[in-house]
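Thanks for coming, everyone. Please take a moment with the sequence and the structure before I walk through them.

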Amino acid sequence: MSEITAFNAPKSGEKKEFWRWEESCWADESKDWHAAKIITCGIDVGSVSSQCVICADGELYAYNSMRTGSSSPDSAINAFAGVSAKTGLTLGDVHFVVGTGYGRVNVPFSHKAITEIACHARGANKMGGNTVRTILDMGGQDCKAIHCDEKGKVTNFLMNDKCAAGTGRGMEVISDLMQIPIAELGQRSFEVDVEPAAVSSVCVVFAKSEALAMLKAGYTKNKVVAAYCQAMAERVVSLLERIGVEEGFFITGGIAKNPGVVKRIERLLGIRAMETKIDSQIAGAFGAALFAHTLVLKQGPAKPLAAAA
Amino acid sequence: MIANYGYKDGSGEYYISIDTDKCIQCEVGRACLTACPKSMFEAMVDDYDDEVVWIKAQFRKSLAYDCADCKPAAGHTRLPCTSACTPGAIRHSW
Amino acid sequence: MITGGIDMGSRTIKVVLLENLDVEGAPQLRYAVKKAHIMFPGELDQDKAAEQAYADALAAAGLKREDVAAVFATGAGRKQVAFAADAVTEMTAGARGASYFFPTVRTVVDVGAEEGRGIKVDAAGKPTDFAGNEKCAAGAGSFAEAMSRALQLDLKEFGEASLKSDRTIPMNAQCTVFAESEVVSLIHASTPKEDIAKAVLDAVASRCCAMVRRVGIETDVALIGGMVHNVGFVRALKAAMDVDELKLPDMPEYVSAVGCALLAAESRH
Amino acid sequence: MNATAKYPTEPLKLWKKAKELRDQYYLNYAKAKDNGGLRWSGSAWALDAIPAGLGDDVYSLTSEPYAASIAHDRKFAKVCMDAAESYGFARDLCSYMRIYWGGMHLNKYLFGGPFPKPDFIFQTQICCSHSKWYQHVAKYEKVPDFYLDVGVGPYKTLDKDRLDFVVNQLHDSIEWMEKVTGRKYDDEKLIAAVKNEMRSTSLWADICAQNKAVPAPLDEKTMYSLYVLATLQKSSKWCADFYAELLDEVKDRVARGIAAVPNERCRVISDTQPPWGFLKVFRYLETYGAVSVGSLYTFGLEGIWEDKPDGSWGARTTPMDQGIEIKDRDTALRLYADWNLSKPQWQHFYDPQLKTEMMLRIVREWKVNGVMLHLNRGCEGLSLGIMENRLGLSRAGVPVMTFEGNMGDEREFDEVRTQARVDGFMEQLGLRKLAA
């Protein structure tokens with residue numbers, strides 16, 4: 001057996017991770033939190049991503065969005081540490097913390113846990129305005145369809161976390177399979193001569209082997225991605241239809257950043273999704289922070305917490 | 001609020017819907033809790049501080065099987081849960 | 001004579017250029033693997049990716065296309081390789097490659113990114129029977145990889161971590177995706193990483209093993225494909241198959257490509 | 001085997017007629033009531049010569065072929081199965097049964113109009129689902145039902161007591177039919193039907209035996225559309241007569257060397273019902289010049305066989321050809337029971353070894369190069385012990401491949417993987433794709 005050199009073979013460490021989306025940390029430089037009367041915090045620990053949002057007097061002040069680690073408490077702490085580093089805020093300065101998302105009960109420094117359903121509705125109502133009625137959140141491991149009233153109170157919802165079809169995870173699967181960065185999937189899905197029929201299988205595992213077969217058959221990657229995005233869209237729409245779709249359609253979560261799916265959902269529903277300047281992934285944490293604000297107004301600040309992390 | 005607990009997968013759509021507006025002021029003393037042979041219902045306080053019932057988490061991903069015993073195939077003409085809930089807060093999607 | 005083999009995997013493309021050191025009339029064929037090349041197709045469609053991978057390999061080997069007598073292709077995208085003289089399935093390529101490295105091998109376990117398979121091989125290195133994993137992809141590498149990602153470990157650390165655990169946590173879900181959410185709940189239940197890693201690798205190993213048993217486990221047994229690098233998986237598979245020895249090539253990802261290059265060479269004899 | 005042999009081929013002349021007979025059958029059942037006829041329902045395995053004694057205006061709907069026809073229409077099949085699942089039936093039950101039930105609950109008949117209600121159920125019991133299937137139908141449609149227990153063990157162990165056990169039930173079933181229909185039973189019609197069925201099933205076996213020829217005059221995909229007639233009404237004169245015609249045509253094809261697949265260079269057999277929604281798998285084989293010459297399923301479900309003097313497997317000689325006279329009800333029932341109990345497809349319910357032996361025999365006599373086993377999740381009965389068969393075959397040195405699927409439920413079938421599996425198997429058999 002003579003020498004073999006596997007040059008530019010990426011070592012596992014530096015291996016390109018196509019599925020990974022951008023992490024981000026932001027603070028409103030125009031504001032000074034010291035001036036705020038009420039400071040609240042919302043922590044959303046999802047199965048895939050975690051966010052921390054800080055509200056100053058019920059307005060968005062700062063947020064941090066990162067991938068969920070292998071322990072929910074740490075993820076919550078790190079999410080907060082991010083904004084803390086950027087703004088100098090410590091937990092001691094925060095009047096009330098609400099935890100939400102998959103790991104909401106594991107947020108060590110939260111005063112109350114509220115489901116992501118209620119928080120997404122509340123957040124969307126703030127981000128999209130009180131005309132928001134229908135909310136779609138495609139999470140990492142689940143898909144939520146929510147209908148809410150002008151106050152952002154949930155009037156109808158369903159969540160599907162049994163099947164990966166129509167979840168962010170399903171999207172990661174295809175980006176991995178195609179070796180295309182997840183952020184590019186949407187754009188690539190439109191770079192096709194003709195729009196292909198949707199991948200027929202509802203099951204992600206089958207869809208995957210269907211996608212492989214398309215490649216085998218000589219489809220371009222873009223075409224396969226298009227077929228897959230279409231399938232995702234059809235899947236999500238069938239869930240939305242259960243709760244009844246109304247104008248004022250708002251999409252939260254990472255999926256909002258994937259035009260490949262969003263545009264196709266709009267096409268199927270015949271409704272345009274509302275625009276927002278704020279990172280759609282923070283909707284849950286934002287909602288949680290707003291709940292926290294209301295709670296402070298109702299029952300006063302919670303006792304300050306020992307700084308975590 | 002209409003709360004849908006359940007799932008849709010390759011084999012179909014299985015949701016139990018609970019109309020919390022009818023559920024909050026339960027006029028039948030939470031009859032559903034005892035009506036369900038598997039005690040799948042549970043009373044809890046929701047995000048808006050109202051007491052309502054929901055489906056216990058361990059059943060939410062297997063309703064098709066958990067509810068089979070109460071379906072016509074098992075000789076039932078009416079579902080125990082929906083029959084017990086005379087205000088009509090509970091509905092099955094299948 | 002120089003021949004080539006290209007393995008168009010669903011994730012990576014491997015190219016092998018093989019020089020036949022055969023002296024005319026020598027009883028035993030002897031080969032030297034000249035160059036192996038691995039890359040992530042990334043932006044490219046398969047046909048172009050194959051072209052590039054091959055070009056790179058030639059350049060690295062300091063060879064020109066006309067130096068290469070024939071190239072055989074295998075793998076999911078084998079039909080997309082314009083310059084290949086012929087295409088063979090993963091079964092044939094894997095069997096031939098494995099028996100080149102280990103002439104006594106009779107059972108080959110090939111665990112790739114998307115599919116695992118068990119192959120029964122005869123003395124000539126021809127597949128006589130095979131079984132692949134059915135619908136569920138949980139018996140393949142991409143599952144383990146996704147799980148290692150959830151644990152924030154790279155595949156190597158993932159395997160090593162599992163060695164530190166002797167706990168057995170059964171994974172009930174047959175479907176990869178369900179299995180993933182099972183792992184996520186284990187994580188949120190703050191189960192030690194080591195135990196989760198072992199649970200995942202045990203699950204993959206038991207699915208692979210069930211598959212291999214369909215063709216029957218006959219020694220010697222060889223494992224090929226990227227999972228060879230995963231010490232935890234190797235341990236789990238040994239245990240599941242209940243064999244004392246598992247033959248491990250030192251260039252596991254390239255075995256099928258080598259098999260192709262050999263078949264290409266033999267087609268010229 | 002790799003030489004691309006080319007044979008002449010031509011379409012089957014009787015193809016159109018087979019389709020017409022099939023459509024007529026389903027139409028007759030729907031229209032039975034128009035002129036006061038009777039409807040009964042039971043499985044394709046039911047002993048349908050018995051109800052024939054009730055008159056010439058008695059029509060049946062055999063449920064497996066009916067469900068299979070629906071399975072071709074994947075959309076409607078899904079609708080039917082969803083209906084059954086909504087009703088609370090589990091997804092892992094027999095997919096024919098779920099499809100049939102679903103159609104009944106939706107009150108939709110595949111061939112148009114509402115689902116025709118049977119007057120009674122007449123069913124044999126060999127697999128676990130057969131009785132349960134009609135127990136539900138009878139309850140739901142509120143119609144009387146009768147079940148024959150034919151589980152008396154392998155034919156080679158058949159003795160007088162075991163035969164009596166079945167014959168006595170047949171006598172009871174006739175009395176029962178007279179009671180529930182209020183009709184007078186006509187033994188002449190019974191005897192005629194028994195004779196028809198013996199002809200049909202013996203002729204079908206003979207037709208299958210013609211496929212021993214190289215090239216094979218018929219491929220399995222075609223055989224499905226022909227054998228189905230026996231699954232509809234093997235005891236009818238039209239079925240027996242059709243098979244007589246068909247046998248002549250197939251013999252003529254053999255004589256003239258007409259092939260079903262012109263590029264035949266490799267012969268395989270399958271096992272159990274195919275995934276009906278994906279018969280193109282068989283066309284895919286042809287791209288390799290491989291042809292499926294049949295299966296124990298197509299040969300042995302509606303064909304009755306015997307050992308020929310030369311040791312080969314051939315059509316069972318009918319009592320009529322042996323000069324045995326059938327004059328009374330008891331003689332008819334006795335011969336009829338014995339005839340059916342020798343049905344090959346009934347044997348392996350008792351021991352997978354029996355099935356392996358029959359398959360090996362087919363492999364030998366039909367010059368088969370490999371076996372494709374369908375791990376059919378839709379049929380517990382026929383896939384029972386199938387992995388044992390896999391072992392038995394490969395121990396005997398026969399190349400085997402397995403593919404997972406379901407005869408009626410497409411959700412269990414992965415077309416992509418199956419094709420990849422076929423690619424590997426063909427290569428194992430030393431075949432390369434032929435230039436199209």
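Strands here are DSSP runs of E of at least two residues, helices are DSSP runs of H or I of at least four residues, both numbered from the N terminus, and two strands count as paired if DSSP finds at least two bridges between them. One of the partners to look for is Ile2(B) in β1(B), which is bridged to Asn156(A).

Before going further, a word on what we are looking at: this is a predicted model, in which local features need pLDDT of at least 70 and side-chain atom pairs count only at pLDDT 80 or more, while totals for chains, interfaces and linings use all residues. Residues are numbered from 1 along each chain as its sequence is written, chains are lettered from A and ligands numbered from 1 in the order in which they are written, and side-chain values use heavy atoms, with hydrogens and water left out.

Now to the interface of chain B and chain A as a whole, where 18 residues of chain B are in contact with 24 residues of chain A, contact meaning heavy atoms within 4.5 Å. The size of an interface is often given as the accessible area lost when the parts come together. For chain B and chain A the buried area is about 1,900 Å², with 48% of it on carbon and sulfur atoms; buried area is the accessible area, taken with a 1.4 Å probe, that two parts lose on being put together, summed over both.

The side of chain B that touches chain A draws two or more residues from each of β1 (2-9) and β2 (12-19) of chain B, and β1(B) gives the largest share, eight residues. By type, that side divides into seven nonpolar, five polar and six charged residues; the nonpolar ones are Ala, Val, Leu, Ile, Met, Phe, Trp, Tyr, Cys and Pro, the charged ones Asp, Glu, Lys and Arg, and the others, Gly among them, count as polar. The count of salt bridges between chain B and chain A is one, and it joins the side chains of Glu13(B) and Arg242(A) at 3.4 Å, N to O, the rule being a side-chain nitrogen of Lys or Arg within 4 Å of a carboxyl oxygen of Asp or Glu.

Turning to chain A itself, six strands form an open sheet of mixed pairing in the order β1-β4-β3-β2-β5-β6. Its edges are β1 (24-27) and β6 (112-113) of chain A, each with a single partner strand, so one side of each has no neighbour in the sheet. Inside that order, β2 (39-45) and β5 (96-100) of chain A pair in the parallel sense over five bridges, with Gly42(A) opposite Val98(A) in β5(A).

Chain D has an open sheet as well, in which four strands pair in the parallel sense in the order β2-β1-β3-β4. Here β2 (58-62) and β4 (145-149) of chain D are at the edges with a single partner strand each, so one side of each is left without a neighbour in the sheet. Strand β3 (120-125) of chain D pairs with β4(D) in the parallel sense over five bridges, and Ile121(D) has Asp145(D) as its bridge partner in β4(D).

Finally, some backbone details. Most residues other than glycine have a negative phi, and most peptide bonds are trans. A cis peptide bond joins Val214(D) and Pro215(D), with omega about -5°, and Pro215(D) lies in the loop between α8 (187-210) and α9 (220-233) of chain D.
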